[in-house]
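This report describes one protein model for a reader who is new to structural work. Please keep the sequence and the structure in view while reading.

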Amino acid sequence: MYLRDFEYHQNSAAPRVFLDFEGVDSCFYVWLNGKLVGYSQISHSTSEFDVTQTLHEGRNRIAVLVLKWCDGSYLEDQDKFRMSGIFRRVYLMQRPQDAVRDFFVHVDLADGLDTATLGVDFSFLGSQATDVSLSLLDASGQLLDTAHTQAAQGNSASSGFTAEATVTFTIAHPHLWNAEDPYLYTLVISTGLPGDGEMIVTRVGIRKVEINDGVLEINGRPVKLHGVNRHDSDPVKGFAVDRDDMIRDLRLMKEHNVNAIRTSHYPNSPEFYELCDQMGFYVIDESDIESHGVESLYYQPTCATQKLAWHGTINDNPQWFPAILDRVQHCVLRDKNRPCVVMWSMGNESGYGRAIEKALAWTKSFDPSRPTHYESAIHPADDREFDYSDLDVYSRMYPSIEDIEGYFEQAKKGRGAYGAGDTHTLRPYVLCEYCHSMGNGPGDLEDYFHVFQKYPGMAGGFIWEWCDHAIDKGRTIDGKTIYAYGGDHHEYPNDGNFCMDGLVYPDRTPHTGLKEFKNVFRPLRVVGFDRQQQLLTLHNYMDFEDSSTFTISWQLLVDGKVTDQGIFDTQSGDSHIAAHQEGTVKLAGISIPDRGKATLLVSYATAQAGVVLPAGFVLGFDEVPLENVDARNQYATHLLQEDHGRSGDVEIEQDSRQIRMSAARWQYICDQRTGLFSSMVFGNCKIIDRPMEINIWRAPTDNDMFVKKEWEAAGYDRVETRADDVAVRRDAKSGDVFITARLTLAAAAVQPVLCADATWTIHDDGAVELAIEVRRGQTMPFLPRFGLRLFVPKAMNHAEYCGYGPNESYIDKRRSSYYGVFAGSPEDFYEPYIKPQENGSHYGCDYVRLEDASDDVTLTAVSEVPFSFQFLPYTQEEMTEKKHRYELEPCASNVLCLDYVQSGMGSNSCGPQLASRYRLDEQDFAFKIMLLPQASR
């Protein structure tokens with residue numbers, strides 16, 4: 001129950017008063033001065049009450065009773081926390097007696113886009129039409145035209161809006177609105193006498209949304225939607241997000257190349273759309289409908305009964321038809337004048353039936369200027385043919401690349417996507433949800449980018465989702481934030497951490513997945529390099545802006561370090577690359593060395609300040625490998641080829657348990673039971689303070705949630721290494737010591753995971769090389785990883801590496817990283833996912849060097865073949881066991897993993913299985929790595 005006293009004073013020029021609630025969950029009753037004003041529901045839509053006769057001059061009291069549940073709750077089963085109450089603005093509006101009730105702005109662009117007709121239809125509060133004067137201004141405030149309404153009868157010529165008056169403007173050579181250039185005109189609507197009337201100011205974007213030959217177009221150009229699904233969510237305020245919160249989200253999106261938003265799964269606050277108009281976003285506006293909960297009903301588990309339960313319970317039930325249509329109408333009627341809205345969505349995951357068919361038909365008749373969307377049309381029941389004629393796009397969630405390609409192959413054969421009753425052979429394909437961004441992921445964004453570009457009819461998609469949903473419950477005694485997710489309040493039912501699936505953390509710190517998204521959807525890409533001519537070929541992936549919008553700079557890196565840099569000339573007319581086109585830019589006298597791993601880093605930044613972003617803001621980069629005589633990392637090659645001593649002074653002692661080796665500066669012990677080193681001391685400093693391990697486990701990511709069951713069944717989380725046929729010998733010529741062993745990795749009560757032949761080479765100077773040939777069990781699932789795990793002293797807390805950074809990188813998730821030299825501590829490399837999981841690995845490394853704080857000792861790992869490494873303060877066992885990051889306890893050692901490779905991240909938590917090319921599924925493979933300790937004393 002909400003109670004509030006407030007002052008009201010009548011205005012003779014505006015005697016009518018309306019009470020507006022923009023968002024209340026789930027339903028509410030309103031009393032004013034003890035009198036019941038009314039009841040309303042639809043949590044995310046505006047409710048308005050005429051309180052003219054109920055208000056008193058002076059002091060008034062309002063009472064609002066909000067109920068947690070109502071029948072509308074069955075239509076509001078979105079993936080979010082359940083929070084009841086008033087969460088959006090509440091206000092009084094004082095209006096003239098005779099005033100504009102509603103208006104509908106229509107834009108008609110001539111075929112050549114050189115002339116726009118702007119029509120405005122009006123309805124009125126009073127019993128008769130009111131004279132309305134209008135002024136049209138450009139973005140600078142310059143008056144372009146004025147007009148007065150003319151009487152109209154019946155429905156608008158361009159929509160189902162019932163117009164009582166209308167006005168028309170003609171604009172020659174209009175400046176068109178799009179997400180890259182969100183130009184807005186201002187429309188001033190005035191009633192009454194100047195200075196004593198009402199003035200309504202709205203922004204108008206002139207743009208045209210069409211579908212031509214199955215391609216989504218805006219202003220006559222094909223567009224690609226690289227969007228996100230966004231909930232209202234804040235870890236402290238819940239759904240009660242304000243304007244600053246919205247701007248923060250939208251600014252972050254612009255900074256990361258997001259151009260579209262699906263309002264999942266309800267209309268947002270009205271001012272959100274105004275911000276999208278101004279800042280430049282395409283919006284799929286979705287009605288407040290999701291009846292996902294019918295899946296929890298008990299029914300006999302057959303396909304037919306499941307489909308009937310899914311559809312028949314609500315969507316095909318006549319008792320629900322008015323409520324569903326009402327929700328769609330509320331969404332469309334409220335947001336119809338917003339240029340950012342380019343598509344109407346009927347809702348989400350509610351089956352397909354006559355209710356949605358009716359909603360689609362009404363929407364198309366009321367506003368034929370925008371396409372319609374509804375994903376669940378792909379899940380009809382089998383009891384009749386359905387009508388898809390008012391559905392304009394084909395929408396899917398989480399399809400594989402192969403599924404997408406299959407759609408376009410079917411279309412070529414003239415087959416409708418929705419079966420025999422579907423007369424449309426090709427609709428634009430929209431991924432309303434894809435690349436589920438739960439935890440460490442998504443790992444397949446680059447693959448989706450390429451399929452987006454492959455098919456003109458592929459309109460793009462919307463990542464699920466923007467933000468992790470969590471509750472900020474304060475701090476631990478050592479200052480860690482306590483984020484709570486599903487089940488942490490012992491509520492039932494709950495979905496665990498399944499709503500922790502965003503591109504940003506609850507406090508809006510970007511995940512590495514958002515950084516990956518940013519660079520995958522960079523504005524330009526290098527698609528070719530002519531070394532002889534020193535010409536780069538660029539493709540402009542913008543839909544409207546040419547390349548002069550960007551400053552394009554380059555850096556030459558050799559062995560990960562910058563050796564030269566410059567800026568391309570993109571401002572001259574010859575250098576402009578039009579949207580969707582390719583062109584060349586010339587490097588100015590770059591000198592590529594004969595030796596060293598050389599790469600060209602090409603970066604794209606804003607050339608001028610825009611509506612949102614400042615000049616010089618970097619929006620992406622390309623990394624171009626450069627051919628030369630010897631493309632190996634020269635420092636790594638030096639370490640591998642240098643003379644490691646030939647004195648032969650290594651002493652060897654062995655018994656049934658250990659092989660002990662020592663020289664002037666080092667002492668090593670190899671465990672005969674494991675074939676691995678249990679102790680390494682160099683320069684009187686410990687190199688490892690626990691026995692090393694062969695490592696195949698990783699703390700399962702959220703995207704591993706299904707395959708981890710197979711991994712656990714195969715015993716991957718509890719394997720032990722056992723060695724047979726361990727032998728040691730000294731090479732008489734080199735003085736090197738060789739230890740050979742046959743290794744078996746197996747868990748109790750399960751067949752072996754793999755067998756391996758391992759050879760250790762121990763050099764006189766203490767350098768150690770491992771060469772291991774692996775044979776996997778043929779019946780076993782693919783491996784999470786394969787490599788060595790070392791536990792190094794806490795004092796060894798700094799790492800420098802040459803590989804993909806600065807962000808965590810994996811075989812399928814590395815587009816936000818580039819090959820370079822980077823450094824940090826275990827805490828720096830740790831990525832703090834709220835539910836702990838695999839993180840912080842770095843792909844494609846040639847070497848990594850660890851140092852202790854006093855610089856007494858270093859340990860370098862180097863290989864001829866690039867490897868992955870991970871350097872963290874936590875063990876994989878700790879990250880597997882703990883459910884929240886604030887619960888993690890650091891290991892007594894720093895944990896170094898040196899991996900042949902890790903399997904990719906994918907997006908299988910709610911998407912396709914990890915693609916085979918990203919799995920460590922080889923039956924036979926070999927791994928070589930050198931460990932090179934050095935000491936200053």
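A contact means heavy atoms within 4.5 Å. In the chain, residues 24 or more positions apart account for 69% of the contacts with a separation of 6 or more.

The model is predicted: local features need pLDDT of at least 70, side-chain atom pairs count only at pLDDT 80 or more, and totals for chains, interfaces and linings use all residues. Residues are numbered from 1 along each chain as its sequence is written, and side-chain values use heavy atoms, with hydrogens and water left out.

The chain holds 12 helices and 54 strands; these are DSSP runs numbered from the N terminus, helices being H or I with at least four residues and strands E with at least two. The radius of gyration is taken over C-alpha atoms, and the globule rule is 2.2 Å times the number of residues to the power 0.38. Because a compact globule of 937 residues would have a value near 30 Å, the 32 Å of the chain agrees with it.

| Property of the chain | Value |
|---|---|
| Span of the C-alpha trace along its principal axes | about 110 × 65 × 60 Å |
| Radius of gyration | 32 Å |

Of the 937 residues, 59% are buried, where buried means under 20% relative accessible area, exposed over 50% and partly exposed in between (1.4 Å probe, protein chains only).

Ser12 lies in the loop between strand E1 (2-8) and strand E2 (16-21). Is Ser12 buried or exposed? Ser12 is exposed, because its relative accessible area is 73%. Ser12 and Ile200 are 188 residues apart along the chain, and their C-alpha atoms are separated by 18 Å.
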